[in-house]
Amino acid sequence: MKNPRLLAGFCLAALLCACGGGTDAPDIKRRETGPFVTTLAGVLKTARTDDSNNGFSDGVGSAARFSTPNGVALDGAGNVYVADFDNHAIRKVTPAGVVTTLAGSGAFGSSDGTGAAARFNRPRGVAVDGSGNVYVADTENNSVRKITSAGVVTTVVGSFNKPRALAVDRSGNVFVADEGSRFIRMIDTLGHVTDFVDTGSSGLSSIAVDSQNNLYITNHIIAEVTINSHRVRKITPAGVISLLAGSSAGAKDGQGDAASFYYPSGIAVDSSGNVYVADAGNHLIRKITPGGAVSIFAGLAEGAGFLDGHAISVAEFNQPVGIAVDATGNLYIGDSFNHLIRKITIGDRFTVIK
């Protein structure tokens with residue numbers, strides 16, 4: 001190359017590219033090992049005394065507001081349905097964080113109807129069947145309600161005793177955790193109600209069903225002397241009950257009854273048989289392996305908070321109540337006292353550092 005200036009420019013460009021300074025140089029990324037907690041909908045508090053995130057409005061992400069969200073459930077398209085407890089409404093959150101009100105209007109009542117014309121009274125639990133119908137544990141109305149994808153609400157059964165949570169099996173049977181009684185009750189596809197199993201204690205908190213039709217239940221505290229409080233139990237399709245994990249109130253990891261929970265609430269099961277528990281009183285998400293080994297999956301043991309970030313070392317919750325798991329193992333949380341819907345994403349993430 002005879003032109004010295006052209007040669008110098010060529011050499012400088014080559015040096016910049018080699019050092020990462022060229023315009024076409026690849027980004028440098030930092031890999032972080034997950035899982036990670038983010039806020040799918042609602043707004044994080046700016047201070048521990050700030051309650052501006054509590055309200056009732058639709059919108060995208062941080063523009064939406066909830067009031068003490070309880071149970072959550074997923075449909076086949078990844079939409080999250082929320083029992084918005086103090087708003088007396090059922091909300092829908094798309095995977096992109098778009099929040100709409102499926103049924104209810106913020107005012108309590110018991111009327112059937114479509115969309116905002118329907119009324120609920122402090123609903124706690126939701127479940128979705130294979131056709132996309134949403135079932136609601138309408139707790140203070142002592143009813144189980146059904147919402148079609150078009151928002152049409154009907155009362156399925158109105159004779160429960162504070163139903164708190166539900167689960168739907170692959171055949172379309174609805175199992176109800178009837179908080180004020182000792183029974184798991186079943187509504188079959190024809191609408192017939194039976195007492196599926198006597199759990200031996202009141203204070204049923206939540207219920208989940210796995211692919212083999214085993215049920216998993218949590219018991220929360222009704223009185224300090226309630227024998228099955230703070231425990232997670234498994235019920236076979238034949239109605240045989242066994243202890244999966246838990247003992248007295250506490251926050252210990254461990255195996256089976258060596259572990260402890262405090263006010264375990266929502267429960268979900270993944271495709272591998274791992275059980276996840278919204279451990280409300282400890283402000284944690286706990287994981288139980290099929291063999292009964294309990295560990296902290298997300299949250300800090302120091303107590304209530306409101307941070308996003310790495311699930312174990314940074315993220316905080318404030319009385320998480322609802323929990324659901326999708327087909328890839330991501331979790332969705334009704335973070336009740338933070339008035340948020342949180343997502344726990346499995347796997348690593350990459351952050352651009354230049």
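## Close-up views of a predicted model

**Figure 1. Aspartate 86 and arginine 122 join their side chains in a salt bridge, 3.4 Å from N to O.** This pair brings together distant parts of the chain, 36 residues apart. Aspartate 86 sits in the loop between strand 5 (80–84) and strand 6 (89–93), while arginine 122 belongs to the loop between strand 8 (113–114) and strand 9. Aspartate 86 is partly exposed, at 28% relative accessible area, and arginine 122 is partly exposed too, at 36%. Keep in mind as you look that the whole model is predicted. As a general idea, side chains of opposite charge can pair when their charged atoms come close.

**Figure 2. The side chains of aspartate 253 and arginine 286 form a salt bridge, 3.0 Å from N to O.** Aspartate 253 is in the loop between strand 20 (241–246) and strand 21 (254–255), and arginine 286 is in strand 24 (residues 284–288), so this pair ties together parts 33 residues apart in sequence. Arginine 286 has 0%, under the 20% limit, so it counts as buried.

**Figure 3. Arginine 145 and aspartate 138 meet through their side chains in a salt bridge, at 2.7 Å from N to O.** Both arginine 145 and aspartate 138 are buried. Elsewhere in the model, Asp58, Asp84 and Arg91 are connected in a network of salt bridges. The model has 13 salt bridges by the rule used here.

**Figure 4. The largest pocket has a volume of about 1,200 Å³.** Its lining is made of 49 residues, and those nearest its centre are Leu74, Val168, Val209, Val269 and Val325. Which strands each supply at least two residues of this lining? They are strand 4 (69–74), strand 9 (125–128), strand 13 (163–168), strand 17 (204–209), strand 22 (264–269) and strand 27 (320–325). By type, the lining of the largest pocket has 21 nonpolar, 19 polar and nine charged residues.

**Figure 5. The second largest pocket holds about 180 Å³ of space.** It is lined by 15 residues, with Arg164, Tyr263, Gln319, Val321 and Phe337 closest to its centre. Six residues of this lining are nonpolar, six are polar and three are charged.

**Figure 6. The largest nonpolar core contains 15 residues.** Ile285, Ala298, Ile323, Leu331 and Ile344 touch the most other members of this core. Strand 23 (275–279), strand 25 (293–298), strand 27 and strand 28 (331–335) each contribute at least two of its residues.

**Figure 7. Isoleucine 346 is found in the loop between strand 29 (340–345) and strand 30 (349–352).** With a relative accessible area of 38%, isoleucine 346 is partly exposed. Which residues does isoleucine 346 contact, leaving aside neighbours within four places in sequence? They are Pro35, Phe297, Thr328, Gly329 and Asn330. Leucine 331 is 15 residues from isoleucine 346 in sequence, and 8.2 Å separates the two in space, C-alpha to C-alpha.

How values were computed:
Residues numbered from 1 in each chain as written. Predicted model: local features only at pLDDT ≥ 70, side-chain atom pairs only at ≥ 80, totals over all residues. Heavy atoms only, no water. 1 Å grid on protein atoms, 1.4 Å probe; cavity = no way out; pocket = protein on both sides within 12 Å on 5 of 7 lines; lining within 4 Å. Points joined across faces, edges and corners; volume = space filled by probe spheres on them. Helix = DSSP H or I, 4+ residues; strand = E, 2+ residues; numbered from the N terminus. Nonpolar A, V, L, I, M, F, W, Y, C, P; charged D, E, K, R; others polar. Core = buried A, V, L, I, M, F, W, Y, C linked by side-chain atoms within 4.5 Å. Buried < 20%, exposed > 50% of the residue type's maximum accessible area, 1.4 Å probe, protein only. Salt bridge = Lys/Arg side-chain N within 4 Å of Asp/Glu carboxyl O. Contact = heavy atoms within 4.5 Å.
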